[in-house]
Amino acid sequence: MLYSALINVMVKAARRAGRSLKRDLGEIEHLQVSLKGPANFVTKADKRAEEMLYEELAKARPGYGFIGEEGGSREGADKTHTWIVDPLDGTTNFLHGIPQFAISIGLRREDTIIAGVIYNPANDELYIAERGKGAFLNDQRLRVAGRRRLDECVVACGLPHIGRGDHQLALNEMAALQNKVAGFRRFGAASLDLAFVAAGRLDGYWERNLSPWDIAAGQIMVREAGGTVTGIDGKDDALKTGHVVCGNEFVHGELVKILGPLGK
């Protein structure tokens, strides 16, 4: 397919960093047996991938700002455009050699995300979306699932782990939903959860306490596939609050109705 110059820039950057991460993933299984473990190695892989992304994106659009998980915020001369980047979403999966991780690149123009790329180099799945032009997975047009009964839906969530998040709230949310849905999934990479909703693989997804780089690319992916993305109360901006819920219009509405009051 022919994509815009902007998408081509983003895809080139994602593929370059992806090649590096795929090589690093091959080393993980050898490091798992050492007492020290692969944690330091993964931290270096993460930072290396972010620098590659920054180099590629800055070369193509030198004035744009850049917000990355590892390197923080870098201002550009062009104050209206900012890259929002996660070089390795799903770090814990990567650390354990689980091939569910991704590079996530979103582009914000003023207050609106106008393009997104999510790339999993482990299986070469490339998701792209551009405002008003649709969402695609490896050149196939994406559409959110059409189910309109929660008891037929598979829904993904994030689960807080040691030292992070409100564990009791997470348990309350799951308890409120578990007898209403066909199944829960917890995959461990927010950008791919959002991409899976866009692809119709998941019917819905919610998670709290995310960062902008977790959500930016996935948010436009879901919307361009015909879905709805908001904060968990159904109104606020997930990019600003870090709390996200999405699905088709029906699933999104049902999830908001059940989950929204629990967080108050």
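This is a short talk on the fold of one protein chain, from the whole chain down to a few residues.

Some ground rules. The model is predicted: local features need pLDDT of at least 70, side-chain atom pairs count only at pLDDT 80 or more, and totals for chains, interfaces and linings use all residues. Residues are numbered from 1 along each chain as its sequence is written, and side-chain values use heavy atoms, with hydrogens and water left out.

Start with the whole chain. The secondary structure comes to 8 helices and 13 strands. Those are DSSP runs, numbered from the N terminus: H or I over at least four residues for helices, E over at least two for strands. The C-alpha atoms fill a box of roughly 50 × 50 × 35 Å along the principal axes. The radius of gyration is 18 Å, and a compact globule of 264 residues would have one near 18 Å, so the two agree. That radius is taken over C-alpha atoms, and the globule rule is 2.2 Å times the number of residues to the power 0.38.

How much of the chain is buried? Of the 264 residues, 52%. Buried means under 20% relative accessible area, exposed over 50%, and partly exposed in between, with a 1.4 Å probe and protein chains only. Now contacts, meaning heavy atoms within 4.5 Å. Among those between residues at least 6 apart in sequence, 63% join residues at least 24 apart.

Next, the sheet. It is open, with 8 strands in the order β2-β1-β3-β4-β5-β6-β7-β8, and its pairing is mixed. Which strands stand at the edges? β2 (72-74) and β8: each has a single partner strand, so one side of each lacks a neighbour in the sheet. Helix α6 packs on this sheet, touching β1 (64-68), β3 (78-89), β4, β5 (112-120), β6 and β7. The direction of α6 makes about 100° with that of β5.

Now to the β8 end. Pairing here needs at least two DSSP bridges between two strands. β6 (residues 125-130) pairs with β7 in the antiparallel sense over 4 bridges. Tyr-127 stands opposite Leu-137. The two strands form a hairpin with 3 residues between them, and Gly-132 in the turn has a positive phi of about 80°. β7 then pairs with β8 (residues 140-141), antiparallel again, over 2 bridges. Leu-137 faces Gln-140 across that pair, and Phe-136 stands opposite Arg-141. This hairpin has 2 residues between its strands, with Asn-138 in the turn at a positive phi of about 45°.

Are the faces of β7 (residues 134-137) covered or open? Both are covered: Gly-134 and Phe-136 are buried on one side, Ala-135 and Leu-137 on the other.

On to the helices. The axes of α5 (residues 190-198) and α6 (residues 212-224) come within 8 Å and cross at roughly 0°. That makes α5 roughly parallel to α6. The contact includes Leu-194 and Val-197 of α5 and Ile-215 and Met-221 of α6. By class, it has 7 nonpolar, 3 polar and 1 charged residues.

Gln-100 lies between α3 (91-95) and β4 (102-109). Why does Gln-100 count as buried? Because its relative accessibility is 13%. Beyond its neighbours within four places in sequence, Gln-100 contacts Gly-90, Asn-93, Asn-120, Phe-187, Ala-189, Leu-192 and Phe-196.

Terms used:
Axes fitted to C-alpha atoms, helices over the stretch in contact; angles between N-to-C directions. Parallel < 35°, antiparallel > 145°, perpendicular 65-115°, else oblique. Nonpolar A, V, L, I, M, F, W, Y, C, P; charged D, E, K, R; others polar.
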